[in-house]
Amino acid sequence: MEKEKPPSELDRDRQYCELCGKMENLLKCGRCRSSFYCSKEHQKQHWKKHKLICKEPGKAQISREKKSPGQGDDACSPQTANTETPGVGGRTSEDGSDNNDTATPNGQTGSSPTKLTVEYIITSMNSQGFCVVDNFLGSETGFGILENVKALYKTGRFTDGQLVSQKSDSNKNIRGDKITWIEGREPGCEKIFFLMSRMDDLIRHCNGKLGNYKINGRTKAMVACYPGKGTGYVRHVDNPNGDGRCVTCIYYLNKDWNVKEHGGLLRIFPEGMAQCADIEPIFDRLLLFWSDRRNPHEVQPAFATRYAITVWYFDAEERARAKEKYLTSAGEKGVKVDLNKSSDPS
């Protein structure tokens, strides 16, 4: 690595250690010359991921999106492109270490998301309609949330997931999850509330730049459990009737998840795209996508217990119209969120 020259005011907010988020005394990656670390030790710790994207200036970067072998243009990608925020992959030299026991990238444990993370989410959402952020809160916080969820599940308050339209009596043939709705203030849900506050902060920083939406509220958190045994959710749309939900935000809690063994893949069929996107429900992964008809999706059969927490964010205008038309099947869980100021989980 080489010592970074004093940055301009414009560049300063874009430069930070890709491992810990520190923004002072940075060193630049000697190969790609566009990524930064606070020390050689942090550089080495992230080499395992960064080597996949580290390219010398001027050299083309190979796309990580692949098709299933022997399939045509309509094949689903085994792993959707852009599955990591810029910088999560790390920035190191050629002889970097494969050590992957790292701190939360991009300073995500702080109260405010980094500008680069926000820019990545805005760009991905507006260009392809979905976005994946890995290592969102870090292992320690993620395990705390998982403990809250498991304890909650043991209370027996989870019920069968319901459909937007209740005309069918065979819900279990359509969706097999068990759910409960959480505000976050309930005893034993402190870590879940922290997750919700971090989601709110992320949306607050993106608000006004996600499509033409003006977000002014969200649902409570839907905590869901697919109890294995082949349970899933057939292809559907979260908001087919204009109930106000514009962004679906899902946090996954499944440690050591292997889709070949455990199933439970979330497959999105983005409108206008030749390929579908396969999202593995791995631990500490955050998924965002448009809630309307642009993103039909399904949860493929799960053969192990699969946990996730979902929050839907409301567009102010559509939500107001929905209330006038009594399209409030999801709205009874709605709460107003002030996105003009940072959330305080304390």
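At what angle do the axes of helix α4 and helix α6 cross?

**Entry 1: ground rules.** I am working with a predicted model, where local features need pLDDT of at least 70, side-chain atom pairs count only at pLDDT 80 or more, and totals for chains, interfaces and linings use all residues. Residues are numbered from 1 along each chain as its sequence is written, and side-chain values use heavy atoms, with hydrogens and water left out.

**Entry 2: the whole protein.** I found eight helices and 16 strands; these are DSSP runs numbered from the N terminus, helices being H or I with at least four residues and strands E with at least two. Of the 346 residues, 52% are buried, meaning under 20% relative accessible area with a 1.4 Å probe and protein chains only.

**Entry 3: back to my question.** The axes of α4 (residues 115-128) and α6 (residues 190-206) cross at roughly 70 degrees and come within 10 Å. Each axis is a line fitted to C-alpha atoms over the stretch in contact, and angles run from 0 to 180 degrees between N-to-C directions. That makes α4 roughly perpendicular to α6, a label for angles of 65 to 115 degrees. I looked up who touches whom: V118, I121 and I122 from α4 meet L202, H205 and C206 from α6, where contact means heavy atoms within 4.5 Å.

**Entry 4: more on α4.** This helix has 14 residues and reaches 20 Å from its first C-alpha to its last. Its buried residues include L116, Y120 and M125. The buried residues of α4 pack against β4 (130-133), α6, β10 (245-252) and β13 (286-290).

**Entry 5: strand β14.** Which residue of β14 stands opposite T231? I found A302 there. Three bridges join β9 (residues 231-236) to β14 (residues 297-302), and the two run antiparallel. Strand β11 (residues 266-268) is also joined to β14 by three bridges, again antiparallel; strands pair if DSSP finds at least two bridges between them. In β14, H297 is the bridge partner of I268.

**Entry 6: L265.** Is L265 buried or exposed? It is buried, with a relative accessible area of 9%. I found L265 in the loop between α7 (259-262) and β11. Leaving aside residues up to four places away in sequence, L265 touches V259, D278, I279, E280, P281, E298, V299 and Q300. The C-alpha atoms of L265 and P281 are separated by 6.5 Å, though the two residues are 16 apart along the chain.

Methods: Angles under 35 degrees count as roughly parallel, over 145 as roughly antiparallel, 65 to 115 as roughly perpendicular and the rest as oblique. The expected span of a helix is 1.5 Å times one less than its number of residues. Buried means under 20% relative accessible area, exposed over 50%, partly exposed in between (1.4 Å probe, protein chains only).
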